[in-house]
Amino acid sequence: MLKGKHVLLGVTGGIACYKAAALASALVKQHCDVHVIMTRNATEFITPLTFEQLTGNRTVVDTFDRNHTFQVEHIALAELADLVLIAPATANVLAKLAHGLADDMLTTTVLACRCPKLAAPAMNTNMYENPVTQDNLALLRRYGWEVLEPASGRLACGAVGKGKLPEPEDLLEAVLHALVRPRDMEGLKMLVTAGPTREALDPVRYLTNHSTGRMGYAVARAAAARGAAVTLVTGPTALKRPAYVEAVEITSAREMFEAVTGRSGEQDIIIKAAAVADYRPACVAGDKIKKSDRGDDLALALERTDDILAWLGAHRQPGQFLCGFSMETRDVLENSRKKLEKKGLDMIAANSLRQAGAGFGVDTNILTLITPHSQLELPLLSKDQAAHALLDEILRLRRGPEPV
Ligand code: CTP
């Protein structure tokens with residue numbers, strides 16, 4: 001996802017420095033070129049060598065060990081960087097950055113950077129809440145910085161409160177959000193559904209399926225990174241709610257129907273990646289169903305749920321793009337095309353549960369994008385890449401045919 005991108009990671013002196021190492025590693029795994037500049041204090045917590053080993057680039061510490069090449073190098077680095085991320089950012093460094101002080105290698109280089117900048121403050125709660133720090137953060141925002149919200153929890157000083165550095169995966173998400181280009185979905189509203197639904201049988205049990213929500217979450221994240229205003233209607237999943245996305249949590253197919261149809265009117269694009277239950281128990285027992293009441297055999301009476309996508313097809317807003325997902329075990333393309341036509345869709349993304357690398361619970365997928373007039377087979381891709389490829393195709397179709 002970050003191939004060809006250069007990130008300048010500024011590491012300042014706080015106990016959370018160890019998370020910066022995990023972040024550097026995660027960035028490198030995304031094929032990002034990572035250059036680390038540490039403050040002297042940061043080296044008390046973690047060694048420059050750690051970052052050198054992880055990134056394959058020399059870790060820069062401060063201006064006093066500089067020589068002529070180095071001076072030139074730091075400006076070259078400022079020009080090379082596609083993004084600056086200071087993580088963890090101490091109150092001291094934030095104050096310096098807010099006021100243009102440049103007294104070490106990190107602040108000097110960052111002052112010369114014109115690219116987008118992110119700061120992830122991490123400090124004691126009282127320091128974070130101090131109006132001086134808050135004013136400095138407000139100043140940085142005014143100068144165009146994105147300031148990430150610290151997490152709450154037990155801090156290294158023993159206090160419990162706000163001030164923890166977000167986890168490396170959250171920092172990575174912020175980098176992806178800031179760097180993924182093009183921002184070609186700016187101004188578009190998109191609704192995505194994801195995950196399974198649960199249909200209650202009694203207060204203890206429910207009917208559901210194996211959907212983990214990964215594909216829908218990847219689509220929501222990708223669209224938000226490309227600038228869309230994304231609403232994610234999600235069934236119960238173990239996944240972290242993506243940042244930069246409005247998440248609406250539902251449990252049953254009926255709740256998903258209400259959440260989606262109540263918001264569908266204002267959407268430019270709707271993508272239904274959720275695995276919605278087609279049937280629910282015809283009556284939900286008020287008390288736990290007991291074996292003693294039912295004997296050895298139990299037959300469940302089921303009734304159909306509403307087909308949300310078919311409703312959307314029948315109540316489509318002018319210009320609205322509707323995309324469904326179709327998971328099949330046989331006759332994938334034929335069955336999926338039937339759904340496309342029956343539900344009145346612009347596109348259906350078909351995948352087979354029988355193909356290795358596709359389907360539930362894996363990080364990859366093999367999608368065929370079917371429209372009334374075309375069929376595009378995507379190769380085996382990560383779900384993130386597949387999400388971007390799906391959005392590329394939707395945007396291409398929305399634009400209409402290229403002039404000849
Ligand atoms: N879908 C929906 N509401 C339902 C059932 C399905 O909106 N009650 C949507 C899914 O979110 C998906 C698409 O319809 O985008 C296709 O779902 P799928 O389960 O593959 O097909 P069904 O239409 O349910 O048909 P069948 O179960 O017979 O294969």
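This is a predicted model: local features need pLDDT of at least 70, side-chain atom pairs count only at pLDDT 80 or more; totals for chains, interfaces and linings use all residues.
How many nonpolar, polar and charged residues does the lining of the largest pocket have?

1. Residues are numbered from 1 along each chain as its sequence is written, and side-chain values use heavy atoms, with hydrogens and water left out.

2. Back to the opening question: the lining of the largest pocket has 15 nonpolar, 15 polar and 12 charged residues. (Ala, Val, Leu, Ile, Met, Phe, Trp, Tyr, Cys and Pro count as nonpolar, Asp, Glu, Lys and Arg as charged, and the others, Gly among them, as polar.) A pocket here is an open set of points on a 1 Å grid over the protein atoms alone, where a 1.4 Å probe fits, with protein on both sides within 12 Å along at least five of seven lines; lining residues have an atom within 4 Å of a point.

3. The largest pocket holds about 1,000 Å³ of space, a volume being the space filled by probe spheres set on the points, which are joined across faces, edges and corners. Among its 42 lining residues, Ala274, Ala275, Val276, Asp278 and Phe325 lie nearest the centre. Strand E16 gives the largest share of that lining, 5 residues. (Helices, H or I with at least four residues, and strands, E with at least two, are DSSP runs numbered from the N terminus.)

4. Now the ligand: the largest pocket is where the ligand sits, meaning that more than half of its atoms lie within 2 Å of the pocket's grid points. Around the ligand are 17 residues, and Lys272, Ala274, Asp278, Lys339 and Lys343 come nearest; to be near, a residue needs a heavy atom within 4 Å. E16 turns up again, with the largest share of this shell, 5 residues.

5. Look at the polar contacts too (pairs of N or O atoms within 3.5 Å). A polar backbone atom of Ala274 is 2.8 Å from an oxygen atom of the ligand, while one of Asp306 is 2.9 Å from a ligand nitrogen. The protein covers 77% of the 560 Å² of accessible area that the ligand has on its own (Shrake-Rupley method, 1.4 Å probe).

6. Helix H9 gives the most to its lining, 7 residues.

Definitions and conventions
A polar contact is a pair of N or O atoms within 3.5 Å; within protein, one must be able to donate a hydrogen and the other to accept it, and residues adjacent in sequence count only if both atoms are side-chain atoms.
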